[in-house]
Amino acid sequence: MHTQGTSSQSLTHAFASQPANDTEAAGQMQALVYTAEGKISLQHRPKPQLIDAGDAIVRVSKTTICGTDLHILKGDVPTAKPGRILGHEGVGIIDSVGAAVTSFKPGDHVLMSCVSACGTCEFCRKQMYSHCTTGGWILGNTIDGTQAEYVRTPHAEMSLYHIPEGANEEALVMLSDILPTGFECGVLNGKVQPGSSVAIVGSGPIGLAALLTAQFYAPASIIMIDLDDSRLEMAHKFGATDVINSGDGKAVAAVMALTKGAGVDTVIEAVGIPATFELCQKLVAAGGVIANIGVHGKPASLHLETLWDRNIAITTRLVDTVTIPMLFKTVAAKKIDPTLLVTHRFSLAEGEQAYRAFGNAAETKALKVLITP
Ligand SMILES: NC(=O)c1ccc[n+]([C@@H]2O[C@H](COP(=O)([O-])OP(=O)(O)OC[C@H]3O[C@@H](n4cnc5c(N)ncnc54)[C@H](O)[C@@H]3O)[C@@H](O)[C@H]2O)c1
Ligand SMILES: [Zn+2]
Ligand SMILES: [Zn+2]
């Protein structure tokens with residue numbers, strides 16, 4: 001198995017260092033900015049202002065880094081251009097709201113969805129918020145994101161969620177993106193069912209979120225596959241029935257041994273490189289589903305010569321975050337504990353270190369790194 005271009009290994013060490021000036025000029029804030037391929041730097045930026053009536057400005061209290069941010073640094077996401085403040089996850093306090101925002105007011109404690117939704121366009125009416133014609137995944141992509149002291153959140157009414165008093169902020173940061181992503185793109189699209197067999201390729205935060213939420217459906221087995229033993233060890237703690245380190249190129253044989261040669265009913269791709277998508281095609285059972293989650297920057301081969309007669313389905317999805325309200329309840333009821341995913345904590349000023357820790361997870365054993373502005 002080849003391992004070129006894995007998101008956690010390819011992050012260069014060339015983080016441009018631009019030390020923050022501690023004296024906060026009026027109307028200025030600190031932010032983590034994608035400056036060039038492989039480079040992120042802490043910069044002073046003007047505090048965002050309301051632009052549209054549906055906007056809110058949120059003072060960020062906790063944010064985090066996603067595998068997708070690493071893909072942006074690799075140049076895999078061409079819509080995210082250098083100069084962009086990164087980040088699409090977080091919780092915070094409303095600072096100001098536009099005239100059309102009635103459900104939120106300054107001082108409210110809110111969770112920000114990684115996807116902005118107008119609620120009224122053709123796609124929003126189908127609950128495909130990720131394809132909202134004036135929103136979708138724009139935060140930290142086509143508009144400035146949450147790895148900053150303040151962020152402008154468009155379509156605030158549909159894209160923010162009230163946080164009840166006493167809720168654990170660290171747990172809720174995991175609801176902006178990774179839990180809905182693992183659940184919607186992996187578990188729901190992959191049709192995980194009671195008694196079924198599941199393999200998840202990639203035991204990063206997203207793969208682990210799929211592992212946690214797959215257990216809502218009581219599948220008989222969940223096999224986790226990764227190159228990193230410490231992430232696999234974590235997967236064991238999170239409920240994986242079997243773990244496989246695919247570094248020896250024998251993952252297919254190991255899965256076939258566990259499934260009596262049948263393969264698995266659901267294979268979830270949670271890495272985002274050609275090698276892992278191709279591996280999934282070798283693991284799926286007849287009648288099964290390959291549910292792709294990974295963000296892919298390069299073409300991957302589709303082996304129709306072996307799959308055409310296997311009655312399989314392949315799904316792709318950009319997370320819609322339609323399940324945030326439901327996941328909120330499962331967290332509140334302690335059915336899942338997302339704080340298990342938090343391994344490191346940094347201030348915003350230490351943001352470049354946070355990226356290094358997350359990007360070199362094999363050494364640092366990082367899963368989710370929390371950043372407090
Ligand atoms: N579809 C969506 O809406 C959506 C949303 C969020 C994230 N994502 C994507 O999900 C993917 C996972 O995100 P993450 O935050 O967990 O990323 P991550 O980089 O932290 O984790 C990826 C994991 O894959 C493992 N890996 C790398 N190469 C491998 C290989 N050849 N074989 C087996 N395992 C390998 C790594 O060791 C790591 O544990 C990324 O591609 C991310 O961009 C998609
Ligand atoms: Zn993300
Ligand atoms: Zn819309």
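Tutor: Gladly; we will take the domains, then the sheets, then a pair of helices.

Tutor: This is a predicted model, where local features need pLDDT of at least 70 and side-chain atom pairs count only at pLDDT 80 or more, while totals for chains, interfaces and linings use all residues. Residues are numbered from 1 along each chain as its sequence is written, and chains are lettered from A and ligands numbered from 1 in the order in which they are written.

Student: How do you know where domain 1 and domain 2 are in the protein chain?

Tutor: The bounds come from an automatic or database domain assignment. That assignment gives 28-177 + 320-372 for domain 1 and 181-315 for domain 2. Over C-alpha atoms, their centres are 27 Å apart.

Student: What makes up the contact between them?

Tutor: Two residues are in contact if their C-beta atoms, placed from the backbone, lie within 7 Å. Domain 1 gives 19 residues to the contact and domain 2 gives 16. On the domain 1 side, α1 (67-74) and α13 (361-364) each give two or more residues, with α1 supplying the largest share, four residues. Helices here are DSSP runs of H or I with at least four residues, and strands are runs of E with at least two, numbered from the N terminus.

Student: What classes of residue are on the side of domain 1 that touches domain 2?

Tutor: There are nine nonpolar, four polar and six charged residues. Nonpolar covers Ala, Val, Leu, Ile, Met, Phe, Trp, Tyr, Cys and Pro; charged covers Asp, Glu, Lys and Arg; the others, Gly among them, are polar.

Student: Why are β11 and β14 called edge strands?

Tutor: Two strands pair if DSSP finds at least two bridges between them. In the open sheet of six strands, the order is β11-β10-β9-β12-β13-β14, with parallel pairing. Strands β11 (242-245) and β14 (313-316) each pair on one side only, and are the edges.

Student: How do you know that β9 and β12 pair?

Tutor: Strand β9 (197-201) and strand β12 (264-269) share four bridges in the parallel sense, and pairing asks for at least two. Ile200 stands opposite Ile268 in β12.

Student: What makes β1 and β4 a pair?

Tutor: They have two bridges, in the antiparallel sense. Val33 has Ile85 of β4 as its bridge partner. These strands belong to an open sheet of three, ordered β2-β1-β4.

Student: Why are α5 and α6 called roughly perpendicular?

Tutor: Axes are lines fitted to C-alpha atoms, for helices over the stretch in contact, and angles run from 0 to 180 degrees between N-to-C directions. Under 35 degrees is roughly parallel, over 145 roughly antiparallel, 65 to 115 roughly perpendicular and the rest oblique. The axes of α5 (178-188) and α6 (205-214) come within 8 Å and cross at roughly 70°; α5 and α6 are therefore roughly perpendicular.

Student: Which residues of α5 and α6 meet?

Tutor: Phe183 and Val187 are among those from α5, and Ile206 and Ala210 are among those from α6. The contact divides into nine nonpolar, four polar and no charged residues.
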